[in-house]
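Here are my notes for a colleague who is opening this model. Please read them with the structure in view.

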Amino acid sequence: MATFGTLSDRLTETFRNLRTKGRLSAADVDGTVREIRRALLDADVALEVVKDFTSHVRERALGDEVNKALNPAQQVVQIVNEELVRILGGEQRKLVFAKTPPTVIMLAGLQGSGKTTFAGKLAKKLQKEGHTPLLVAADLQRPNAVNQLQVVAEQAGAAIYAPEPGNGVGDPVSVSKAGVELAKQRQHDTVIIDTAGRLGVDEELMKQASKIRRATDPDEVLFVIDSMIGQDSVNTAKAFLEGVDFTGVVLSKLDGDARGGAALSVASVTGRPIIFASTGEDLDALEDFHPDRMASRILDLGDVLTLIEQAQQAFDEEEAKKVAEKLANEAFTLDDFLEQMQQLKKMGSMKKMLGMLPGMGGQMKQQLQDFDESEIGRTEAIIRGMTPAERHNTKILNGSRRARIARGSGVTVTDVNQLVNRFEQAAKMMKKVARGENTGIPGMGAMPGAKPGASSKRAKKGKKQGYQGGRSGNPAKRASQGDEVAQEQKAGSGFGLGAGAPQPSETDLAEIQKLFGKG
């Protein structure tokens, strides 16, 4: 994530220096803690949070859990990860819904923090989860705030209550109260009240926010904080906590190039959990905040769980099964490939998705930055420039056809050739995986439970021709090698597990086969 880029790089470099040491001395620990402290201060983390964090890390790093560890460097990384999770709030906290609808959610924060945009994002997210939100335009101070909320509501496909034009006209307390009553009448189960902000904390702002809270009795008061303004946002959060109080925090603009101090400080300083993180301008760019996953991203350990969740939302299970069957039967075409690309685009930015994979920092960071998102658009243009027959069978693509496709899609013939070659190679490899054959990729063998494919047939053919698989020609030695192979087969498995390791159950195998559309 862009906000934690520099911090992540510095922490990763610090831990890399530890890995060369078989045992950590007190001086090694102190040096590591000193580097962590500098990295956090440079990231604009609040000083009180930095002191608390580093003292906990030092105390634990000098304890028995590290001294007795086989790999002390990994143990220190684990400690830092656990302490990051702690200052980010510990466990995930979700929205609390009222037992009797509607659930009233009031938004608070300074002007420009992203409250109005977040209101639309939250409305869209709640609709996907089966709720019926009503947006209430109670920001009647900022110029065109009501119009902005109306536009956002239309984009999100959500209902809105905006009886006043705003721009200084109207009573926000009356509008908020009337909005809750309207939600009850029209059976909206959620009300999202967008309140006014100021350029800074002042008495008038606090009074208005307090009146709205008393008038509507919200179930949640969410403080929207701009992740890009550093420690100032922490001071603002303290002021709102004392003046209005809030139940949860929303981090906006986490995709920005800021240092991330607010995100690492606010939960610890205010004692209120972070509930949502806004990671882009698009209305779909809103994530539930998971402290453990965010800590993993900061330490370049990846966030595979979030990636899987996004994939599950974007990909249709039935379609995935059909594609797996087509791969196994050599019926996978460029039309299918184009459809898969469309589903992949629903997940959002490729850079963002790749950034969730472990180890994408350090040397991979520059390659990730250089990744060209527009390449996906060019690939789509090339495929759309083909006739249905050409998409179905790439073998008919002769020179003149490829030249025509290149002219029509605005690329070179070389680009067309590269796409066709990549597609054919990928389809060939995926066909092997779907059929349960060996792909030739290290660590990626045949699927367990699958029928023997071409690779096993070739092995049988090799035996008939006298190929011994590297075994000795001496009968006595060959017999002893046979005993060793039998012992290995008895101890191991298709997953590469050794003796005594737990073997996959029939249920596990069935689940794996389901992923490939079998069974």
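1. Start with Glu-220 and Arg-93. Their side chains meet in a salt bridge, 2.6 Å from N to O. The term means a side-chain nitrogen of Lys or Arg within 4 Å of a carboxyl oxygen of Asp or Glu. Glu-220 lies in strand E5 (residues 220-226), and Arg-93 sits in the loop between helix H5 (72-87) and strand E1 (103-108), so the pair ties together parts that are 127 residues apart in sequence. Helices (H or I, at least four residues) and strands (E, at least two) are DSSP runs, numbered from the N terminus.

2. How accessible are the two partners? Glu-220 is buried, at 1% relative accessible area. Arg-93 is partly exposed, at 23%. Buried means under 20% relative accessible area, exposed means over 50%, and partly exposed lies in between (1.4 Å probe, protein chains only).

3. A word on the source. This is a predicted model, in which local features need pLDDT of at least 70 and side-chain atom pairs count only at pLDDT 80 or more, while totals for chains, interfaces and linings use all residues. Residues are numbered from 1 along each chain as its sequence is written, and side-chain values use heavy atoms, with hydrogens and water left out.

4. Next, look at Asp-284 and Lys-128. They form a salt bridge at 2.9 Å, N to O. This pair also links distant parts of the chain, 156 residues apart. Asp-284 is in the loop between strand E7 (274-278) and strand E8 (286-288), and Lys-128 is in helix H6 (residues 115-128). Asp-284 is partly exposed, at 41% relative accessible area. Lys-128 is exposed, at 60%.

5. Some salt bridges share partners. They join Asp-52, Arg-60, Glu-82, Glu-83 and Arg-86 into one network. The count of salt bridges comes to 19.

6. Helix H2 (residues 26-42) holds a local pair. Glu-35 forms a salt bridge with Arg-38, with the closest N and O atoms 3.1 Å apart. The two are 3 residues apart in H2, so about one helical turn separates them. An α-helix has 3.6 residues a turn, so residues three or four places apart point the same way. Glu-35 is partly exposed at 30% relative accessibility, and Arg-38 is partly exposed at 44%.

7. Stay with H2. What span should its 17 residues have? They should span 24 Å at 1.5 Å a residue, and the end C-alpha atoms are 24 Å apart, which agrees. The expected span is 1.5 Å times one less than the number of residues. The buried residues of H2 are Asp-28, Val-29, Gly-31, Thr-32, Val-33, Ile-36, Ala-39 and Leu-40. Asp-44 follows H2 and has a positive phi, near 70°.

8. Check the backbone too. Most residues other than glycine have a negative phi, and most peptide bonds are trans. Asn-144 is not a glycine, yet its phi is positive, about 65°. Asn-144 lies in the loop between strand E2 (133-138) and helix H7 (145-156). It is partly exposed, at 46% relative accessible area. Asp-217 also has a positive phi, about 45°, although it is not a glycine. Asp-217 lies in the loop between helix H9 (203-216) and E5, and is exposed at 61%.

9. Which form does the peptide bond from Pro-101 to Pro-102 take, cis or trans? It is cis, with omega near 5°. Pro-102 lies in the loop between H5 and E1.
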